[in-house]
Amino acid sequence: MELRSAAIRRLLVVFVCGVFGYVVFYNSLLMDRRGSLLHDAHLSYGGAAVVLRDGMVLPDADGALGVDSGDLQSLMGARQMWTLGDAGMGPSEMPSTPAAAAGTAAPVKDSIRSRLEPGFRIANGGRCPERGRDLRLVILITTAPGHQRQRKAIRLTWGGSVAQRRDVTLLFFLGRAAEPHQSAVDEEQQTYGDIVQGNFVDAYNNLTLKSAVMLEWLDTFCPEARMILKTDDDMFINTDNLLKFVDVHSKDTNKLFGRLARRWKPNRSVKSKYYLSPESFAGKYLPDFVTGPAYVMTGDLVKPLYQATLDAKFLTLEDVLVTGVVADKLHIKRVHAKEFINDRIKADTCKFATSVSVHMVKFEEQFDIWKRIQDGRTRCPQYVPTGG
Ligand SMILES: *[C@@H]1O[C@H](CO)[C@@H](O)[C@H](O)[C@H]1NC(C)=O
Ligand SMILES: *[C@@H]1O[C@H](CO)[C@@H](O)[C@H](O)[C@H]1NC(C)=O
């Protein structure tokens, strides 16, 4: 009896040590100290020699692969876990996929490119003269076909104040619409000439396609613009402050400015508007990103962001994809600027007077806020751009 339990204990110790040793050994094979992946890792698993190459499990040179597929699945699952933040490293330092780490252009399944037909139903390329060489700022606003009143409110308030300038251009971006909206959009375009319509069905789930169309438009017609604001039609933009902000940063490159979301976790609740399935994003943390309602990018980013967004795997959350996953892959600096509030705030005139962007609810409020910051009756602190 004594002898047998001692033997079992010894066996257990050997087993635990073995598992522990294996984990440590395996981990050290896959990552160097800064967490980057080795392209090829040779290891033995269950007695068989295996080569891991860019995330693929291949038999070793001698071709013998005596591992059953269930074991391989768990092997790959464990690896996935380790590469995605469980090693105590920040998500932005971590390559999210082996292919991203290796910098290879392995075709991505369900990429943006595979979903989006290039080109425009309404292009309005003429809104960016001289490829944007003389433009200080391009303002691109996501909107939906049925949001005529939101567009009208913007044209009559902050949008109108910059649309008349020669060094600024402003456009609304939407997708295809069913009747009667499509005719209304065409009519609106005839009147104002400030609409770009992409070749996709306008729907909430297609917001990332809208962002890709924005980048396509910039890349096609406006690649020399210095600064770009991406915003939504339910935002109040303090255009005077925005111009001060972009002027202070006009020499900057490789930057995205806005409200920085650091180490946010993906929402796994299917009821959430921000739900992300583990299939579309497997990591424990999202890469740092600037939130979608309003962000500014430096003009040099247009081409790389556009190309890399096309090759990215489709994901419904526009900001997570473009300013997070893709920006992270391209090592774009994401800079927090406090004047991008991007939340609803109480009707405090000075808040509006000293910020660049504020999230709103109703289009009627645009008129009231615009009037209040124009009339100068409330004494507010001077706006000082972040990073100036
Ligand atoms: C956009 O969304 C709609 C509905 O969610 C869908 O039917 C359509 O195929 C999507 N994609 C494109 C490219 O329009
Ligand atoms: C996810 O979304 C739900 C519903 O909107 C919310 O209650 C919950 O707090 C969110 N979780 C995280 C981790 O953000």
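A: In this predicted model, strand S11 gives the largest share of the lining of the second largest pocket, 4 residues.

Q: What makes an element count among those that give two or more residues to that lining, and which are they?
A: The elements that give two or more residues are helix H8 (207-221), strand S8 (227-232), strand S11 (289-298), helix H11 (318-329) and strand S13 (340-344). The second largest pocket is lined by 39 residues, and Tyr-204, Asp-232, Lys-273, Tyr-274 and Pro-293 lie nearest its centre. Its volume is about 1,000 Å³.

Q: How do the residues of this lining divide into nonpolar, polar and charged?
A: The lining has 15 nonpolar, 11 polar and 13 charged residues.

Q: How do you know what span H8 should have?
A: The expected span is 1.5 Å times one less than the number of residues. For the 15 residues of H8 that gives 21 Å, and the end C-alpha atoms are 21 Å apart, so the two agree.

Q: What makes H8 mostly covered?
A: Buried means under 20% relative accessible area. In H8, 12 of the 15 residues are buried, among them Lys-210, Glu-216, Trp-217 and Asp-219.

Q: Why is Lys-109 called exposed?
A: The cut-off for exposed is over 50%. Lys-109 has 73% relative accessibility, so Lys-109 counts as exposed. Its place is in the loop between helix H3 (98-102) and helix H4 (112-115).

Q: How far apart are Lys-109 and Asp-311 in sequence and in space?
A: Lys-109 and Asp-311 are 202 residues apart in sequence, and their C-alpha atoms are 9.2 Å apart in space.

How values were computed. Residues are numbered from 1 along each chain as its sequence is written. Chains are lettered from A and ligands numbered from 1 in the order in which they are written. This is a predicted model: local features need pLDDT of at least 70, side-chain atom pairs count only at pLDDT 80 or more; totals for chains, interfaces and linings use all residues. Side-chain values use heavy atoms; hydrogens and water are left out. On a 1 Å grid over the protein atoms alone, a cavity is a set of points where a 1.4 Å probe fits but cannot get out, and a pocket is an open set with protein on both sides within 12 Å along at least five of seven lines; lining residues have an atom within 4 Å of a point. Grid points are joined across faces, edges and corners, and a volume is the space filled by probe spheres set on the points. Ala, Val, Leu, Ile, Met, Phe, Trp, Tyr, Cys and Pro count as nonpolar, Asp, Glu, Lys and Arg as charged, and the others, Gly among them, as polar. Buried means under 20% relative accessible area, exposed over 50%, partly exposed in between (1.4 Å probe, protein chains only).
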